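Subject: Structure handover

Hello,

Here is the structure you asked for, with the sequence. My notes on what I found in it follow below.

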Amino acid sequence: MPWIKTIPFDAATGKLQALYKRVTGPGNNVDNIMMMHSLRPHSMEGHMALYKYVLHHRDNTVPKWFLETLGVWVSSLNHCDYCIAHHFAGLKRLMRDDARADALRHAIDAGDIDAAPLDAREQAALTYARKLTIAPQEMVEGDVQKLRAAGWDDGEILEINQVSAYFAYANRTVLGLGCSTSGDVIGLSPGNNDDPDDWGHA
């Protein structure tokens with residue numbers, strides 16, 4: 001059970017009911033991380049918009065599977081099992097290579113960037129995300145310059161930064177309020193990248 005009161009789908013009214021209908025998956029399932037916001041629907045709306053725009057927007061150019069990889073990596077660094085479970089399932093589905101995905105998960109669990117089946121450019125992004133997550137006060141311009149040198153352009157660096165920052169927020173929402181995966185359908189994500197306002201999960 002979460003550590004604060006939450007309102008289930010069947011008891012929702014008004015704005016909360018409308019928002020729940022926007023984020024539901026099969027069988028009117030609402031992910032527990034969204035249900036944590038049920039006493040303040042406006043913060044759910046903000047969270048969902050940030051999540052969809054940062055991770056699933058049509059104008060992102062970094063591949064979605066790699067943005068999910070960054071999310072799993074940051075969540076692992078923050079010891080957030082909830083987000084690891086959800087986003088590794090999404091990553092595995094997007095990657096369409098179970099052996100590679102499992103090897104990637106093993107490297108993430110071990111905290112070993114060098115062992116990850118990623119190219120040097122992608123490993124550099126994980127290095128940036130690790131420092132931003134565990135020592136944000138130590139970030140310097142040189143950390144961005146290393147990403148440029150690895151082959152990322154500035155728009156892609158922004159995407160890497162925003163996904164890393166989003167998962168810091170999501171992990172703390174989960175860990176600070178006792179959110180669990182109980183009852184969740186693991187690995188759903190917004191499927192309609194062409195409409196940034198379509199939050200439906202599949």
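Glu 156 counts as buried, because its relative accessibility is 11% and the cut-off for buried is under 20%. Please keep in mind that this is a predicted model. The side chain of Glu 156 forms a salt bridge with that of Arg 121, with N and O 3.1 Å apart. Glu 156 belongs to helix α9 (residues 154–177) and Arg 121 to helix α7 (residues 120–134), so this pair ties together parts that are 35 residues apart in sequence. Arg 121, at a relative accessible area of 26%, is partly exposed.

Glu 156 also turns up among the contacts of Val 62. Setting aside neighbours within four places in sequence, Val 62 is in contact with Leu 67, Trp 152, Glu 156 and Glu 159. Where does Val 62 lie? Val 62 sits in the loop between α3 and α4 (64–77). Val 62 is buried, its relative accessible area being 3%. Between Val 62 and Trp 152 there are 90 residues in sequence, yet their C-alpha atoms are 9.2 Å apart in space.

Salt bridges

How many salt bridges does the count come to? The count comes to six.

Are the two partners buried or partly exposed? Lys 131 is partly exposed, with a relative accessible area of 24%, whereas Asp 143 counts as buried at 10% relative accessibility.

The other joins Glu 45 and Lys 15, where the closest N and O atoms are 3.0 Å apart. Glu 45 is in helix α3 (residues 41–55) and Lys 15 in helix α1 (residues 14–23), so the bridge ties together parts that are 30 residues apart in sequence. Both ends are partly exposed: Glu 45 has a relative accessible area of 29%, and Lys 15 has a relative accessibility of 44%.

Helix pairs

On the α7 side the contact is made by Arg 121, Ala 124, Ala 125, Tyr 128 and Lys 131, which meet Asp 143, Val 144, Leu 147 and Ala 150 in α8. These residues divide into six nonpolar, no polar and three charged.

For α1 and α3, the axes come within 9 Å and cross at roughly 25°. That makes α1 roughly parallel to α3, the cut-off being under 35 degrees. The crossing of α1 past α3 is left-handed. In α1, Lys 15, Leu 16, Leu 19, Tyr 20, Arg 22 and Val 23 meet Pro 41, His 42, Met 44, Glu 45 and Met 48 of α3. This contact is made up of seven nonpolar residues, one polar and three charged. Lys 15 and Glu 45, which form a salt bridge, are included in the contact.

Regards

Definitions and conventions: Residues are numbered from 1 along each chain as its sequence is written. This is a predicted model: local features need pLDDT of at least 70, side-chain atom pairs count only at pLDDT 80 or more; totals for chains, interfaces and linings use all residues. Side-chain values use heavy atoms; hydrogens and water are left out. A salt bridge is a side-chain nitrogen of Lys or Arg within 4 Å of a carboxyl oxygen of Asp or Glu. Helices (H or I, at least four residues) and strands (E, at least two) are DSSP runs, numbered from the N terminus. Buried means under 20% relative accessible area, exposed over 50%, partly exposed in between (1.4 Å probe, protein chains only). Axes are lines fitted to C-alpha atoms, for helices over the stretch in contact, and angles run from 0 to 180 degrees between N-to-C directions. Angles under 35 degrees count as roughly parallel, over 145 as roughly antiparallel, 65 to 115 as roughly perpendicular and the rest as oblique. A crossing is left-handed if the near helix is turned anticlockwise from the far one by less than a right angle, and right-handed if clockwise. Contact means heavy atoms within 4.5 Å. Ala, Val, Leu, Ile, Met, Phe, Trp, Tyr, Cys and Pro count as nonpolar, Asp, Glu, Lys and Arg as charged, and the others, Gly among them, as polar.
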